[in-house]
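The points are grouped by topic.

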Amino acid sequence: MRCDHQKVLNLAQAGHWEEAHAIVQKHGDELSCQIHGYLHRVEGDLSNACYWYGRGNSQLPANTLEEEWARLQSAIQTP
């Protein structure tokens, strides 16, 4: 079963962190892990965010949360 990345980002943007987290935490693909990291950034848990970005073959970004949401959104659109 694939993660609905778009749904997770939409939920996060709407402030439904718990629901977004419940969906994404079940998946281990790179983008899901990066989105999981993003959610922990939103939560303010940077050590957990670092862990999940690392699992997603990435690093904790130095951009704003808005910029990161847009970057992740763009990653969904890129096949």
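Not counting residues up to four places away in sequence, tryptophan 17 touches Leu39, His40, Val42 and Glu43 in this predicted model. Tryptophan 17 belongs to helix 2, which spans residues 17-24.

**Tryptophan 17 and histidine 40**
- Along the chain, tryptophan 17 and histidine 40 are 23 residues apart.
- Their C-alpha atoms are separated by 9.2 Å.

**Packing of helix 2 on helix 3**
- Helix 3 covers residues 30-43, and its axis lies 10 Å from that of helix 2.
- The two helices pack at an angle of about 155°; an angle over 145 degrees counts as roughly antiparallel, so helix 2 and helix 3 are roughly antiparallel to each other.
- The crossing of helix 2 past helix 3 is left-handed.
- On the helix 2 side, the contact is made by Trp17, Ala20, His21 and Val24.
- Helix 3 contributes Ser32, Ile35, His36, Leu39, His40, Val42 and Glu43 to this contact.
- Sorted by class, the contact of helix 2 with helix 3 has 6 nonpolar, 4 polar and 1 charged residues.

**Glutamate 68**
- Glutamate 68 is part of helix 5, residues 65-77.
- The relative accessible area of glutamate 68 is 0%; the cut-off for buried is under 20%, so glutamate 68 is buried.
- With neighbours within four places in sequence left aside, glutamate 68 is in contact with Tyr38, Arg41, Tyr53, Pro61 and Asn63.

Methods
Residues are numbered from 1 along each chain as its sequence is written. This is a predicted model: local features need pLDDT of at least 70, side-chain atom pairs count only at pLDDT 80 or more; totals for chains, interfaces and linings use all residues. Side-chain values use heavy atoms; hydrogens and water are left out. Helices (H or I, at least four residues) and strands (E, at least two) are DSSP runs, numbered from the N terminus. Buried means under 20% relative accessible area, exposed over 50%, partly exposed in between (1.4 Å probe, protein chains only). Contact means heavy atoms within 4.5 Å. Axes are lines fitted to C-alpha atoms, for helices over the stretch in contact, and angles run from 0 to 180 degrees between N-to-C directions. Angles under 35 degrees count as roughly parallel, over 145 as roughly antiparallel, 65 to 115 as roughly perpendicular and the rest as oblique. A crossing is left-handed if the near helix is turned anticlockwise from the far one by less than a right angle, and right-handed if clockwise. Ala, Val, Leu, Ile, Met, Phe, Trp, Tyr, Cys and Pro count as nonpolar, Asp, Glu, Lys and Arg as charged, and the others, Gly among them, as polar.
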